[in-house]
Amino acid sequence: MPRARGRRALSAGSSAQLSWTCVDCSTVATFAAPQEGQAPGGWVDGPRGWICLNCRREEVIAAVPITRDAEGRAARRRALTEFELIRDPEATDGQIAKRANTAPRIVRPIRAELREDGRLPGVSGS
Ligand SMILES: [Zn+2]
């Protein structure tokens, strides 16, 4: 039985959660027919409650020291790329690039580095 700290909608005879509320931005996600233990894409059940994907991305960017130069922008882009790769290792370089607002050629070496560090599952396919 999954633990659910988010708001639980009333549903007779079903333990599946139907709506989630982000503790940071109060965004509500709902599922018409959720499966057991399923959560909205990218949401995580954190120590304070459910956090939506947007807020997780903002946290990742906020964790990078703010500098006004190109180096700072590159560091934030890289942090976001790492976050997206770890969140969804099966996604292609192109998909990750789109989500992190960068280019596939930026994604590729970062993915290789994460694999070498053991932060991503081993090579599947290519
Ligand atoms: Zn949120």
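**Figure 1. Overview of the predicted chain.** The protein chain holds four helices and four strands (DSSP runs numbered from the N terminus: helices, H or I, at least four residues; strands, E, at least two). Read from the N terminus, the order of these elements is β-β-β-β-α-α-α-α. Residues are numbered from 1 along each chain as its sequence is written. The model is predicted, so local features need pLDDT of at least 70 and side-chain atom pairs count only at pLDDT 80 or more, while totals for chains, interfaces and linings use all residues.

**Figure 2. Confidence along the chain.** Mean pLDDT (the predictor's confidence in each residue, from 0 to 100) is 84 for the protein chain, with 79% of residues at 70 or more. Over residues 8-13 pLDDT stays under 50, and the model has five contacts beyond four places in sequence for them (contact: C-beta atoms, placed from the backbone, within 7 Å).

**Figure 3. Helix H4 and its buried side.** H4 spans residues 104-116, and its 13 residues reach 19 Å from first C-alpha to last, close to the 18 Å expected (1.5 Å times one less than the number of residues). Its buried residues are Val107, Ile110 and Arg111 (buried: 20 or more other C-beta atoms within 10 Å of the residue's own; exposed: 12 or fewer; partly exposed in between; C-beta atoms placed from the backbone). Because they cover an arc of only 110° around the axis, they lie on the same side of H4 (arc: directions from the helix axis to the C-beta atoms). Their cover includes helix H2 (70-87) and helix H3 (93-99).

**Figure 4. The opposite face and the end of H4.** Turned away from the buried side of H4 are the exposed residues Arg105, Pro109, Ala112 and Glu116. Just after H4, Gly118 has a positive phi of about 80°.

Methods: Two residues are in contact if their C-beta atoms, placed from the backbone, lie within 7 Å.
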